[in-house]
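Hello,

Here is the structure for your files. My notes on it follow below.

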Amino acid sequence: MDERLDVRRLRYFVQVVECGSVRGAADALGVDASAVSRAVSLLEKDCGVSLLERRGRGIAPTDAGKALAAYV
């Protein structure tokens, strides 16, 4: 197994955290929201933990998500 995390997935994840939504991140990155959502889901699978939680109309990082975003 590759011990490194995918850079594109990390970039998309950080953008979601900064924007507070998948749609906002997708707009900022110039990609489809489905691509951002899929990348974050795969990153969560790679990490083995939930990184984001839905809050009303936005998304907030979990404790693990906060730690990863700070590390990145």
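Is Cys19 buried, exposed or partly exposed? Cys19 is partly exposed, at a relative accessible area of 35%; buried means under 20% relative accessible area, exposed over 50%, and partly exposed in between, with a 1.4 Å probe and protein chains only.

Please note that this is a predicted model, in which local features need pLDDT of at least 70 and side-chain atom pairs count only at pLDDT 80 or more, while totals for chains, interfaces and linings use all residues. Residues are numbered from 1 along each chain as its sequence is written, and side-chain values use heavy atoms, with hydrogens and water left out.

Cysteines. The whole structure has zero disulfides, a disulfide being a pair of cysteine sulfur atoms within 2.5 Å. For Cys19, the nearest cysteine sulfur is that of Cys47, 20 Å away. Cys47 is partly exposed, at 30% relative accessibility.

Helix α2. Helices (H or I, at least four residues) and strands (E, at least two) are DSSP runs, numbered from the N terminus. In α2 (residues 22-29), the buried residues are Val22, Ala25 and Ala26. Seen down the axis, they fall within an arc of 100°, so they line one face of the helix; the arc is taken from the directions from the helix axis to the C-beta atoms. They pack against α1 (7-19), α3 (33-47) and β2 (58-61). The face turned away from this buried side carries the exposed residues Arg23, Asp27 and Ala28. Just after α2, Gly30 has a positive phi of about 75°.

Salt bridges. There are three in the structure, counted where a side-chain nitrogen of Lys or Arg is within 4 Å of a carboxyl oxygen of Asp or Glu.

- Asp46 and Arg9 pair at 2.6 Å, N to O. Asp46 is in α3 and Arg9 in α1, so the pair ties together parts 37 residues apart in sequence. Arg9 is buried at 17%, whereas Asp46 is partly exposed at 36%.
- Asp27 and Arg23 have their closest N and O atoms 3.5 Å apart. Being four residues apart in α2, they are separated by about one helical turn.
- Glu53 and Arg55 pair at 2.8 Å, N to O. Glu53 is partly exposed at 33% and Arg55 is exposed at 52%.

Thr62. This residue sits in the loop between β2 and α4 (63-71) and is buried, with a relative accessible area of 15%. Leaving aside neighbours within four places in sequence, Thr62 is in contact (heavy atoms within 4.5 Å) with Ser50, Leu51, Leu52 and Glu53.

Regards
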